[in-house]
Amino acid sequence: MPHATIESVASKRGKQTVRDMILSMLVITAVAGVVYIFIPHDDKADPVKAVDYRVELATARRAAPYPVAAPAGLTEGWKPTSVSYEGRNGSGWHLGFLDPDEKYVAVEQSTAPAKKYVPQVSQHAENTGRTREVSGQAWEVWKGSKYDALVLHAEGVTTVVTGSAPADRLAEMAGALKTASADDDASDAPGAGAGAGVAGASGAPAAS
């Protein structure tokens with residue numbers, strides 16, 4: 001009886017290895033299927049959680065050297081997703097939203113020089129030289145490959161509404177912005193602070 005050659009033994013072992021791998025994959029797939037079926041899950045779960053920014057808003061309004069803006073009276077479907085206030089480096093206020101079509105819109109404010117600040121928060125959008133009137137205030141229209149923006153200059157602060165949402169959504173957010181003093185009650189629903197439109201706003205050129 002001929003002895004098995006090294007090549008035939010190697011070939012046999014190789015076939016066994018491939019077979020074992022296939023069997024292992026089938027077992028793993030079966031287990032994963034059982035887990036998926038019997039462990040509760042929600043196919044419609046929303047991966048983006050809404051944030052409650054009331055505490056951060058109240059804190060920023062007490063600390064910032066300018067009237068901090070937040071929206072009031074937005075239509076149904078807007079979802080706040082991020083909030084921050086940085087007391088240093090321009091006292092930056094940020095409030096991020098998803099609009100009803102799940103496009104991103106952010107409210108950004110800072111005392112930093114507008115020439116650098118606006119391109120930074122608007123993903124390098126550029127001033128078109130045009131303006132859009134929103135709630136009686138002239139906002140600069142900025143356009144970019146990623147984000148567009150509406151920009152409002154006031155004494156000591158620049159307010160930017162920017163994001164991937166279309167122009168009308170940016171204008172809707174800009175028109176909803178209200179400011180309040182540190183003494184105003186911040187216990188209402190998010191964005192429902194008292195006050196008028198973005199306080200002290202003007203069409204004056206930004207500081208360089």
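**Reading buried rings, salt bridges and cores**

Reader: Let's start with Tyr53. Is it buried or exposed?

Author: Tyr53 is buried, with a relative accessible area of 1%. Buried means under 20% relative accessible area, exposed over 50%, and partly exposed in between (1.4 Å probe, protein chains only). This is a predicted model, where local features need pLDDT of at least 70, side-chain atom pairs count only at pLDDT 80 or more, and totals for chains, interfaces and linings use all residues. Residues are numbered from 1 along each chain as its sequence is written, and side-chain values use heavy atoms, leaving out hydrogens and water.

Reader: Okay, on to the rings. How many aromatic pairs does a search of the whole structure find?

Author: Rings of Phe, Tyr and Trp (its six-membered ring) pair if their centres lie within 6.5 Å; planes under 30 degrees apart are stacked, over 60 edge-to-face, the rest tilted. Here the search turns up three aromatic pairs. Take Tyr53 and Phe97: their ring centres are 6.1 Å apart and the planes sit at 75°, so this pair is edge-to-face.

Reader: Which parts of the chain does that pair link?

Author: Distant ones: Tyr53 is in the loop between helix 1 and helix 2 (54–63), Phe97 is in strand 3 (residues 92–98), and the two are 44 residues apart. Helices (H or I, at least four residues) and strands (E, at least two) are DSSP runs, numbered from the N terminus. Phe97 counts as buried too, at 3% relative accessibility.

Now look at Tyr104 and Tyr147, an aromatic pair with 5.9 Å from centre to centre and 40° between the planes, which makes it tilted. This pair also joins distant parts of the chain, 43 residues apart: Tyr104 belongs to strand 4 (residues 104–110), Tyr147 to the loop between strand 6 (137–143) and strand 7 (148–154). Tyr104 is partly exposed, at 22% relative accessible area.

Reader: And which residues do ring pairs link into a cluster?

Author: Tyr53, Trp78 and Phe97.

Reader: Charges next. How many salt bridges are there in the whole structure?

Author: Side chains of opposite charge can pair when their charged atoms come close. A salt bridge is a side-chain nitrogen of Lys or Arg within 4 Å of a carboxyl oxygen of Asp or Glu. The search finds seven of them. In one, Arg54 meets Asp52 with the closest N and O atoms 2.5 Å apart; Arg54 is partly exposed at 31%, and Asp52 is partly exposed at 41%.

In another, Lys143 and Asp148 have their closest N and O atoms 3.5 Å apart. Lys143 is partly exposed at 38%, whereas Asp148 is buried at 19%. Elsewhere, salt bridges with shared partners tie Asp99, Asp101, Arg169 and Glu172 into one network.

Reader: What about the nonpolar core? Which residues have the most contacts inside the largest one?

Author: A nonpolar core is a set of buried Ala, Val, Leu, Ile, Met, Phe, Trp, Tyr and Cys residues joined through side-chain atoms within 4.5 Å. The largest has 29 residues, and Trp139, Val161, Met173 and Leu177 have the most contacts inside it. Among the elements giving it at least two residues each are helix 2, strand 3, strand 8 (157–163) and helix 4 (167–176). Helix 4 supplies the largest share, four residues.

Reader: What is Met173 in contact with?

Author: Contact means heavy atoms within 4.5 Å. Setting aside neighbours within four places in sequence, Met173 touches Pro71, Leu74, Trp78, Phe97, Val105, Val107 and Val161.
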